[in-house]
Amino acid sequence: MSKLIGILGLGIFGSTIAKTLAEFGSDVIAIDKDQDNVNRVEPYITKGVVGDFTDLELLRTIGLEDCDAVVIATGTYLEASVLGVLNCKKLGIKRIIAKAKNKNYREVLEEIGSTVVIQPEKEAGIRVAKNLLRTNIEDIVRLDESTSVVEFYPPERWLGKTLIQLDLRRKYDINIIGMRRTKNGKLLVSFDPNEPITEDFVLVGITESDKFEQIDYLNQLN
């Protein structure tokens, strides 16, 4: 059964979310004051509405209360975002995701009950910076705020040594749970920890995200 998601505000951020959700089979109800914005996404979504999402009765009329989650995708005007969050709460929506343009907006939106508040420009900047800093890390999948699955290449200093010899859990607080022979190779969860590591290894481990990332960014894996 597909999820029903509401998008309030159809600028670049909201339109991108709406189209991506629709591409992966979600039903989307979207609302924006600008007819052109609604027209751009209407071919992709379930329902597009021209109107003001600060109007609670309008949200009721379009069936927003049936949504599994709502994204308040405009972060320019705090008053509109606040009213959007409050309206969603009045409609009984459990998951409310709000966009904020700065730290002060974020604090207000969190305080009034947003489930998640994001600052897209800031978070995108952090991601770009971290990608530039990576030395050995190939990919990171975050499991929660503090724990991640990390896929990384062994540094040259590790080649010829075994996982037993390296003792990575003690040194870097990372548990190796799998490995690949090449970047696109099959993930092996059964492997010999006494096998010497070669340059074609890609290791996969569970770790505290910030700690292991910092070690990698500072090129301190040894």
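Let's start with the aromatic cluster. Phe-152, Trp-158, Tyr-172 and Phe-212 are linked into a cluster by ring pairs. What counts as a pair here? Rings of Phe, Tyr and Trp (its six-membered ring) pair if their centres lie within 6.5 Å. Planes under 30 degrees apart are stacked, over 60 edge-to-face, and the rest tilted.

A quick word on the source. This is a predicted model, where local features need pLDDT of at least 70 and side-chain atom pairs count only at pLDDT 80 or more, while totals for chains, interfaces and linings use all residues. Residues are numbered from 1 along each chain as its sequence is written, and side-chain values use heavy atoms, with hydrogens and water left out.

Back to the rings. A pair of aromatic rings is described by the distance of the centres and the angle of the planes. The structure holds three aromatic pairs. Take Phe-152 and Trp-158: their ring centres are 5.9 Å apart and their planes stand at 85 degrees, so this pair is edge-to-face. Are these two buried or exposed? Buried means under 20% relative accessible area, exposed over 50%, and partly exposed in between, with a 1.4 Å probe and protein chains only. Phe-152 is buried, at 0%. Trp-158 is buried too, at 0%.

Now, where does Phe-152 sit? It is in β8, as the bridge partner of Ile-137. On naming: helices (H or I, at least four residues) and strands (E, at least two) are DSSP runs, numbered from the N terminus. Two strands pair if DSSP finds at least two bridges between them. β7 and β8 (residues 147-152) run antiparallel and are joined by five bridges. Another position to look at is Asp-139, which stands opposite Glu-151 in β8. A hairpin of four residues joins β7 to β8.

Zoom out to that sheet. It is open, with four strands in the order β7-β8-β10-β9 and antiparallel pairing. The edges are β7 (137-142) and β9 (174-180); each has a single partner strand, so one side of each is left without a neighbour in the sheet. The twist averages 20 degrees from one strand to the next. For such angles, axes are lines fitted to C-alpha atoms, for helices over the stretch in contact, and angles run from 0 to 180 degrees between N-to-C directions.

Follow the chain past β8. Pro-155 lies in the loop between β8 and α7 (163-166). Pro-155 counts as buried, at 5% relative accessibility. What is Pro-155 in contact with, leaving aside neighbours within four places in sequence? Asn-136 and Leu-221. Contact means heavy atoms within 4.5 Å.

Look at β2. Five of its six residues are buried. β2 pairs with β1 in the parallel sense, over five bridges. Gly-6 stands opposite Ile-29 in β2. β2 also pairs with β3 (residues 47-50) in the parallel sense, over four bridges. There, Ile-29 stands opposite Lys-47, and Ala-30 has Gly-48 as its bridge partner.

How are these strands connected? β1, α1 and β2 make a right-handed β-α-β unit. So do β2, α2 and β3. Right-handed means that, with the strands pointing away from the viewer, the path from the first strand over the helix to the second runs clockwise.

Last stop, α1. Its twelve residues, 12-23, should span 16 Å at 1.5 Å a residue, and the end C-alpha atoms are 16 Å apart, which agrees. The expected span is 1.5 Å times one less than the number of residues. Which residues of α1 are buried? Phe-13, Gly-14, Ser-15, Ala-18 and Ala-22. Their cover includes β1 (4-8), β2 (27-32), α2 (35-41), β5 (95-99), β6 (116-118) and α6 (120-133). Just after α1, Gly-25 takes a positive phi of about 90 degrees.
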